Amino acid sequence: MTVPTGGGPAERPVLDSVPRSVQVAAAWSWRLLLIAVAVAVLALGLSVGKVIWVPVVIALLLTVLLHPVAEWLVRTARVPRVLAAAVCVVGLVGLVGGLLTVVGRQLAMGFGELYGQAQEGFSALLVYLADSPLGVETAQIEAYIAEAQSQIQANSSTLVSGALAVTTTVGSVLAGAVISVFVLLFFLKDGPMIGAWLVRLLPVSARHRTWEASRRGLVTLSSYVRAQILVAFVDAVGIGLGAAILGLPLVVPLTVLVFLASFVPFVGAIATGAIAVLVALVDQGPGAALAMLVIVLAVQQLEGNVLQPLLLGHAVSLHPVAVLLAVTAGSLTAGILGALLAVPLAATINTVVLYLHGRDKFPRLGLDPDGLDDRLDRLAG
């Protein structure tokens, strides 16, 4: 028996025996696996650290909203910057506090009446089911209700732990609100210097490019916040006026709820629309509920087909699939607040990444190397 020599099949490298398609698939596999692990670690870190980064992002959103007001106070009214920042923060806190007070009073005044109407409607439903061809007996329904009540009593410990979890969540929200207010004050006072300090951490060759990318990201963020506020305002006014015309209760809380939920694409509109229709159904019956449904659909069509493309347009250009995935990922990472912040963050990151890859969405913004150099010189003393 002779052993093949001279580069025969027995002396070929093992890699040459693996088909090219298998090699490419293996190369893609370990890279994709590494990316998936990195994304999972990032999502886990964001979920654990949401008590810190969520208030900071909220403060950033409020900063781009209040920055023009602070600049007007500094340049026109000749107010010191620290005082201008304090005035903006105090005004915002006062506005939110006053709005919550009004909503709380409206809920306290109207919820009892609505609850009584819901009980009457439920009793009427029982009578209808008993008289209908379905032949559902009232005693049978009452037995189901009694069984549900016994199940609630049997799982009272779970309900108590859930209530404690809600209390903990409320404490986290209050702590996050304090952090947001504190960070907002310093963002309004020293925002450009804080940005320059962050850029200074990068290598010298990357500083100016990163600075220009951040400027365009802030333009996108500002465009999104202002346009979305206007869209939410139109949604709230439209649905609120519809509820007022129909004579529904809790018009003010419903209007505020629609305004806040409109910042969450897709999910917010569906949830608040369903609540408005449910209130109409409980208060006035199927006819009012159908009219409320028509109003909600009309307002949402106006938002989706006119306001969103007209106001957001090129500045915040994300595919609807990307918006839906961003909202889902944000909700999984940080709950409702994550869903609220996902779209503006995704739009800002999209603008920054596109600029770093050579596509400038805001060429009219120009370059500002002297602005960065001036701030770096000030940081250096």
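**Helical architecture and surface features of the predicted chain**

Buried residues (under 20% relative accessible area, with exposed meaning over 50% and partly exposed in between; 1.4 Å probe, protein chains only) make up 29% of the 381 residues in the chain. The model is predicted: local features require pLDDT of at least 70, side-chain atom pairs count only at pLDDT 80 or more, and totals for chains, interfaces and linings use all residues. Residues are numbered from 1 along each chain as its sequence is written, and side-chain values use heavy atoms, with hydrogens and water left out.

The secondary structure comprises 11 helices and zero strands. Helices (H or I, at least four residues) and strands (E, at least two) are DSSP runs, numbered from the N terminus. The order of elements from the N terminus is α-α-α-α-α-α-α-α-α-α-α. Contacts are defined by heavy atoms within 4.5 Å. Among contacts between residues at least 6 apart in sequence, 73% join residues at least 24 apart. The accessible surface of the chain is about 23,400 Å², and 73% of that belongs to carbon and sulfur atoms. Accessible areas were computed by the Shrake-Rupley method with a 1.4 Å probe; for residues, only the protein chains shown count as cover.

Two surface patches were examined. Patches consist of residues with over 30% relative accessible area and no salt bridge; like charges are joined within 9 Å, and nonpolar side chains (Val, Leu, Ile, Met, Phe, Trp, Tyr) within 5 Å. A salt bridge places a side-chain nitrogen of Lys or Arg within 4 Å of a carboxyl oxygen of Asp or Glu. Val24, Trp28, Leu32, Ile35 and Val39 make a nonpolar patch of about 490 Å². Leu32 belongs to helix H1 (residues 20-48). Its relative accessible area is 47%, so Leu32 is partly exposed.

Asp370, Asp373, Asp374 and Asp377 form a negative patch. Asp and Glu count as negative, Lys and Arg as positive; His and the chain ends are not counted. Each charge is placed at NZ of Lys, CZ of Arg, CG of Asp or CD of Glu. Asp373 sits in helix H11 (residues 369-379). Asp373 is partly exposed, at 31% relative accessible area.

Thr63, in helix H2 (residues 50-75), is buried, with a relative accessible area of 9%. Leaving aside residues up to four places away in sequence, Thr63 touches Leu184, Phe187 and Leu188.

Arg78 lies in the loop between H2 and helix H3 (81-131). Arg78 is exposed, at 70% relative accessibility. Its phi is positive, about 55°, although Arg78 is not a glycine. Most residues other than glycine have a negative phi.
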